[in-house]
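I opened the notebook for a quick look at a few spots in this model.

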Amino acid sequence: MERKNVSCAHTLYGSNRALLSPIAAKFFDRGVLKWVIAMTAALGAILEIIDTSIVNVAIPDIQGNLGTTLSTVGWISTGYACANVVMIPLTAWLSDRFGRKAYLTFSLVGFTVSSVLCGMANNLGMLVFARVLQGLFGGGLLAKAQSILFETFPRKEQPAAQAVFGIGVIAGPAFGPILGGYLTDTLDWRWIFFINIPAGLLAVFMTMIFFPRDEKSQHRHQNVDWVGIGFLAIALASFQIVLEEGQKKDWFASDFIRLMAASAAVGLALFIWREFTTEHPVVDLRVLRYRSLTAGSAYSLVLGIGLYGVMFAVPIFVRNYLHFTAMQSGLLLMPGAIGSALMMILLGKISGKFDARLLITMGALMMMSSAFFLSKINPNTGTAMFFWPLIFRGFGAVMMFLPLSLATLGPLPRKEVSSGSGFYNLTRQMGSSIGIALIATLLAHREAVHRAVLVENINPYSPIIQQRLDLFKTAFMKHTADPVLAQNQAIAAIGCSVNSQAMLLSFADVFLYVAVVFVITLPLLFLLGKGNNREATTTYRPFQ
């Protein structure tokens, strides 16, 4: 059996064994080196994904500790997101120019050091600056991890390899708030950053030991497209600011949001022009000539909305309506995250046997069903009602994520995988930002609409309303001898009931809208491939 593994390994790695360290060579001879590389790349991606959501639960503690306002403390998340989306499409170019191992090691070291700076920050300015650095270094970890898996594994092993990566992508957003809530409650908010240190150092060590040395690349002597990088930074950072700050500033009623929107549009137009006219583009947009990548990237926007949008709405609902703590809301999401991990393992073994489009359709229908059942929330809703919808959502997300990655990137020639992976991951990241922004806006809009309708039906002469006022007044009279005060408190209680009901109906509307989005975007699947990659099967050579 060992002889068979060695033979298989030599078939895959060819003459590149000379580029391995002595320790890596031993793993190579046992035929398990590629799995060690997969776990190393996935560890870096998990660090980045968890750090996207772990901070949110600690915002109130950070605000109080640093003595800042809620509107300004939000830049801790906004700065990270802006830096993150700017870096994602640059990963292919950076990896080609500096080498895969060097770039990944540099990103992991930078992410770990910037995490230390975040934990040591003693004012908001320093914390935002450190979070921007963290976003810049972390942006390359997600896209680079996925491209490394496509470059390291043959086609028949891609489902299992992508499953290792997908567990972190799917479960990370759920475990992030749980870990953040626990560390904040039991230790201090600074530990949500310090927790990255041991995992980051482990990832750096594994990258240095197990990744092969970088070979010389012709890209290292090309001129840097600084103009293209500048246009890209302006476009993506401005667009991300619009999404992050739009709801807070009433969207285009704000001069600042209009300025950022114009900056994003002009920056994007100039970036596209630049990349198609320069000899050495920093982002090769020509990769979009592959139909599978174009369609898959468009559909990944939908996946981002469904995957992160629902995860954004559910904790808000249980915290504001059911009055859960951060820890309780995180634990509510845990069964779904565990279900996702189990489904990812199962799907990694069987997905190669089925048409990816069929699995994506089944996943989309499961996501639609989950959102539809969540839209049935009512005043008697408790934690039990969320259990199965979130389980199905976890299953559906996996059945969409894994086959969609294979159907989108699988048909690409190996040399185009890195560029395609960066663009594909960017669209999913932007989809999550767009989804969160849309859901926040819809919640506010639908709540205002429902409140107006409910208020119209409140008639002080109605027997039902009068009966409810009398009940409240009687209850308040037990605590005060002032009938006028008790009457005012009763009216305020009616107002709170109206606001609560309006909030409930707005969340029901949003979940229903998410279900509809999954249905109306299903035709995009006809543009995808089956997930096969004939070229990878015949000409596959890792690390060349």
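Which element gives the most to the nonpolar patch? I found that α21 does, with 5 residues. A reminder to myself before going on: this is a predicted model.

**Entry 1, the patch.** I listed the members of this nonpolar surface patch as F372, F373, L512, Y513, V516, V519 and I520. Together they make about 620 Å². Two elements, α17 (356-374) and α21 (483-520), each give two or more residues to the patch.

I picked I520, which sits in helix α21. Is I520 buried or exposed? I looked up its relative accessible area, which is 60%, and exposed means over 50%, so I520 counts as exposed.

Next I checked the length of α6, which covers residues 75-87. With 13 residues at 1.5 Å a residue, the helix should span 18 Å, and I was pleased to see that its end C-alpha atoms are 18 Å apart, which agrees. I then asked how many of the 13 residues of α6 are buried. The count is 12, so the helix is largely enclosed by the rest of the structure. Among the buried ones I noted I76, Y80, C82, N84 and M87.

My last stop was A199, in helix α12 (residues 196-210). A199 and G44 are 155 residues apart in sequence, yet their C-alpha atoms are 8.4 Å apart in space. Leaving out residues up to four places away in sequence, I found that A199 touches L43 and L47.

Key. Residues are numbered from 1 along each chain as its sequence is written. This is a predicted model: local features need pLDDT of at least 70, side-chain atom pairs count only at pLDDT 80 or more; totals for chains, interfaces and linings use all residues. Side-chain values use heavy atoms; hydrogens and water are left out. Patches are made of residues with over 30% relative accessible area and no salt bridge: like charges are joined within 9 Å, nonpolar side chains (Val, Leu, Ile, Met, Phe, Trp, Tyr) within 5 Å. Accessible areas come from the Shrake-Rupley method with a 1.4 Å probe; for residues, only the protein chains shown count as cover. A salt bridge is a side-chain nitrogen of Lys or Arg within 4 Å of a carboxyl oxygen of Asp or Glu. Helices (H or I, at least four residues) and strands (E, at least two) are DSSP runs, numbered from the N terminus. Buried means under 20% relative accessible area, exposed over 50%, partly exposed in between (1.4 Å probe, protein chains only). Contact means heavy atoms within 4.5 Å. The expected span of a helix is 1.5 Å times one less than its number of residues.
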